[in-house]
Amino acid sequence: MELKAVLLIAVAMLGMCYALLGSLKLALAERLEITEDKVGGLVAAFGFMVGPVILLCGFLTDKFGPKEIWFAGAVLVGISLMLLARIRTYLGAVVAVLILGSGWAMMVNVSNVLGKIAFSENLVSGMSYVDFVFAVGAFVMPASMAWLLNRMKFSSGVTLLGAVTVIPAMCIMLVSLEPSPPLDNAADGNQTQPVTEANATTAPEEKPETPAESSDAFQKMLRDPVLWLCCLTMLFYAPLELSLGAWATTLVKRQIPDDTPAQQSDRLASMALSGFWLCFLGSRLLTAIFAKPGVEHLLHVVVAVLGTAGLLGLVFSKKRNQTIGLIMFCGFVFGPVFPVLMAILLGHVPLEVSGRAVGLLFAGASIGWTIIPLLIGRIADRSNLQRGFLVAVASSVVFLGLVIAHYIYHAQ
């Protein structure tokens, strides 16, 4: 089996699992007879598990291998959905969601390590494809789940989804994890030669890594400025994406005239959010198709400049259509940031510590997700949401400074 194809199918399923709770929100609340605050508790339970589990799985992935950890995560997701399909109590739902968050986090860590193996010839393009497919899975999940629940009972539909999630994991267990060969570079006259009996002596035989060597590689990674630049960049970038997705509808609705019918107002706000995610997806796809190795640092500087300008425009925008346009513009600009950042990190660290590097990157994201939206919300409560987004602008300015530091360090 082809690792790239299997990985993309598995990542699409991973994106669908990411959007699962939002897709099941109404049906689950009705089934368990719970209020919105308890639904929020389920979402918090999912998020609570992601940060520490991704960090822990970095060590597990590097020790036991990505296939085994992915399969274990998929089994946990399958178990959680089987439980969710049958439980009738809120406490049971919390347990199921905690298991779901753990399994999902395990697969997220591994999917990035597998992306490094599958797309080693062009990580910028490859990771953009991976994250594009992930986002497509998340985007289609609400409609897919609604279609499924309209044709099946809740328990049957969720059980079916749980069974389907294990299929890509079984396929991953059958694929080879040999890195993709480098692309031929005919222009430079450098062509990759296959290892044959004639030149086998020039290809060093790989030896199993000892615990001491693994520890040395990890210690070396922890002293690497690129790792910490990536983690800090993720800390200040991740909340920008999250905040735009969370507050896009509110930003638009507050600029719709009061005499606008409620249904039309909701439709405009929903269209703005859908436009944000479609632009987000589109720019990732364009990056996947056209990006070449070596452009990642310059690309980050360009999108950071444009993104900061877009967020600043949102703070001062007074017109509804202008606000909608700026939200979509920010979606298009910020779309490539995460896959390109992941390509920078994975292209720099050795494969044997890639899992731990991904774990540390998401630890930075977890800090940003916690602090920045909280500050935006507090200022919005005391003043208004647009003024609250000055926090996002400040975060984006720091993000810009960090990617400039990346660019300078890389150019040395």
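A search of the whole structure, which is a predicted model, finds two cavities of 30 Å³ or more. As a general principle, rolling a probe the size of a water molecule over the atoms shows where empty space is left.

The largest cavity has a volume of about 50 Å³. Its lining consists of L21, K25, L28, V39, L42 and V43. Two elements, α2 (20-32) and α3 (36-64), each give two or more residues to this lining. By class, five of the lining residues are nonpolar and one is charged, with no polar residue.

For the second largest cavity, the computed volume is about 30 Å³. Which residues line the second largest cavity? They are A10, M13, L14, W70, M107, T165 and P168. The elements contributing two or more residues here are α1 (3-18) and α7 (154-172), and α1 provides the largest share, three residues. The class count of this lining is six nonpolar, one polar and no charged residues.

W70 deserves attention beyond its place in the lining of the second largest cavity. Leaving aside neighbours within four places in sequence, W70 is in contact with A10, L14, M107, V110, S111, L114, A169 and I172. W70 also belongs to the largest nonpolar core, a set of 125 residues, where W70, L311, F334 and F389 have the most contacts inside the core. Helix α5 gives the most to this core, with 14 residues. In soluble globular proteins, nonpolar side chains tend to be buried together.

One of the contacts of W70 is S111, which lies in helix α5 (residues 90-118). Is S111 buried or exposed? S111 has a relative accessible area of 5%, and because buried means under 20%, S111 is classed as buried. Not counting residues up to four places away in sequence, S111 touches L7, V11, L14 and W70.

The buried residues of α7 are F154, G157, V158, T159, L161, G162, T165, P168, A169 and I172. An α-helix has 3.6 residues a turn, so residues three or four places apart point the same way. The cover over the buried residues of α7 includes α1, α2, α4 (66-86), α5 and α6 (123-151).

A357 counts as buried because its relative accessibility is 0%. Leaving aside neighbours within four places in sequence, the contacts of A357 are M221, L227, L345 and V349. The C-alpha atoms of A357 and C230 are separated by 9.6 Å, although these residues are 127 residues apart along the chain.

Among contacts between residues at least 6 apart in sequence, 83% join residues at least 24 apart.

Technical notes. Residues are numbered from 1 along each chain as its sequence is written. This is a predicted model: local features need pLDDT of at least 70, side-chain atom pairs count only at pLDDT 80 or more; totals for chains, interfaces and linings use all residues. Side-chain values use heavy atoms; hydrogens and water are left out. On a 1 Å grid over the protein atoms alone, a cavity is a set of points where a 1.4 Å probe fits but cannot get out, and a pocket is an open set with protein on both sides within 12 Å along at least five of seven lines; lining residues have an atom within 4 Å of a point. Grid points are joined across faces, edges and corners, and a volume is the space filled by probe spheres set on the points. Helices (H or I, at least four residues) and strands (E, at least two) are DSSP runs, numbered from the N terminus. Ala, Val, Leu, Ile, Met, Phe, Trp, Tyr, Cys and Pro count as nonpolar, Asp, Glu, Lys and Arg as charged, and the others, Gly among them, as polar. Buried means under 20% relative accessible area, exposed over 50%, partly exposed in between (1.4 Å probe, protein chains only). Contact means heavy atoms within 4.5 Å. A nonpolar core is a set of buried Ala, Val, Leu, Ile, Met, Phe, Trp, Tyr and Cys residues joined through side-chain atoms within 4.5 Å.
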